Amino acid sequence: MTAPKIRHLSLLCALAFGTLAAPLAHAGKTVDAIKQRGNIQCGVSSGVAGFSLPDNQGNWSGFDVDLCRAIAAALLGDANKVSFVPLNSQQRFSAIQSGEVDVLARNTTWTLNRDASLGLSFTGVTYYDGQGFLVPKKLKLTSAKQLKNAEICVQSGTTNEKNLADYFRSQNVKIKPVVFEGFEASFKAFFSGRCQAYTTDISGLAGVRNKEAKNPDDYMILPEVISKEPLGPAVRRGDDEWFAIVRWVAFALIEAEEYGITKANVDAIKAESKDPGIGRLLGSTEDTGKLLGLDREWAYRSIKAVGNYGEIFARNVGPDSVLKLPRGLNNLWNKGGILYAPPVR
């Protein structure tokens, strides 16, 4: 038998009996650049309560901020090795395209146009949102359909602007969009009385109402949800290794919540659990990190740094935050939501 036939037969046998070793991941150019630089450049919003917002000392907090810190913990071993780059809606895509940032974690909606034409790859959905309307209670409105001829403040260059036009066209209701280039300008115009309503993602409405309104109780969010807004991080297309790291860090945080692993108990569970799934996730029995170009404790460090997905949600946008948003669709798949992570195995 010739040598090529022998190699071919050996390969078939390895596949049949499951003995073929999985190839190890090799660092791509983004990972190499991050390691050489010593930190991750994370593109975030210029200030959205609950998602990414600096305090008076320049310390950032929020849902998207925690995700970036989890990635830094997995890749660099330190959740603090992140530089947060504030970007407005018009800047965000050029910043990731040009390499100014390594990952865009800026409550950005995943759409076909953005996925197929901007040179980006969305790594997954980390927050399921939808667009709504904020109005003063004194108008005594109960439905968005009552906004006939109303002036509605909206930010340009967002999915919200297009959704606004599509929704009222489908309802055969005429409205007057008042478009602003900046996020801050759009909601400040609303609170100053320039518009009868303000529209953006519902999480954003809750954030500006609680942070910017003199009296938040004077405003209400109308019941209609007029769009699907799947929010998630994006990276430059063409670097599969970096794409996989960002994707699987987010999945690991979701998987940790399913297993009941928290920031507080991760050490004890890592040491004591006999569950093979937990062993794979935390690196105590199997080394899944080598498939990502990471070490075996990549997920353990991420969880230890920021907690599981449920903890991140609760403190930034959920019951432990000023927004107090319900989990809703963002609950785990086995608790009434649609949040689902492929198995870490």
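Q: What is the relative accessible area of Asn149?
A: This is a predicted model, in which local features need pLDDT of at least 70 and side-chain atom pairs count only at pLDDT 80 or more, whereas totals for chains, interfaces and linings use all residues. Residues are numbered from 1 along each chain as its sequence is written, and side-chain values use heavy atoms, with hydrogens and water left out. Asn149 lies in the loop between strand 8 and strand 9 (151–155); helices (H or I, at least four residues) and strands (E, at least two) are DSSP runs numbered from the N terminus. Buried means under 20% relative accessible area, exposed over 50% and partly exposed in between (1.4 Å probe, protein chains only), and Asn149 is partly exposed, at 43%.

Q: Which residues is Asn149 in contact with, leaving aside its neighbours within four places in sequence?
A: Asn149 and Ile175 are 26 residues apart in sequence, yet their C-alpha atoms are 4.4 Å apart in space. With contact taken as heavy atoms within 4.5 Å, and leaving aside neighbours within four places in sequence, the partners of Asn149 are Lys174, Ile175 and Lys176.

Q: Which residue in strand 11 stands opposite Leu134?
A: Leu134 points from strand 8 the same way as Gly132 and Pro136, while Gln131, Phe133 and Val135 point the other way, and all six are buried. On the side of strand 12, the bridge partner of Val135 is Met220. In strand 11, the residue opposite Leu134 is Tyr198.

Q: Why is helix 8 (residues 202–212) largely enclosed by the rest of the structure, and how many of its residues are buried?
A: The buried residues of helix 8 include Ile202, Leu205 and Arg209. They pack against strand 7 (127–129), strand 8 (131–136), helix 7 (183–191), strand 11 (197–201) and strand 12 (219–221). Helix 8 is largely enclosed because its buried residues number 8 of the 11.

Q: Which residues are exposed on the other side of helix 2 (residues 29–37) from its buried residues?
A: Thr30, Val31 and Ile34 are buried in helix 2, and they cover an arc (that of the directions from the helix axis to the C-beta atoms) of only 95° around the axis, which puts them on the same side of helix 2. These buried residues pack against strand 1 (40–45), helix 3 (63–76), strand 14 (234–236) and helix 9 (240–259). On the other side of helix 2, the exposed residues are Lys29 and Gln36.

Q: At roughly what angle do the axes of helix 9 and helix 13 (residues 309–316) cross?
A: Leu253, Ile254 and Glu257 in helix 9 meet Tyr309, Gly310 and Ile312 in helix 13. Axes are lines fitted to C-alpha atoms, for helices over the stretch in contact, and angles run from 0 to 180 degrees between N-to-C directions. Angles under 35 degrees count as roughly parallel, over 145 as roughly antiparallel, 65 to 115 as roughly perpendicular and the rest as oblique, and helix 9 and helix 13 are therefore roughly perpendicular to each other. Their axes come within 6 Å and cross at roughly 95°.

Methods
Pairing = 2+ DSSP bridges.
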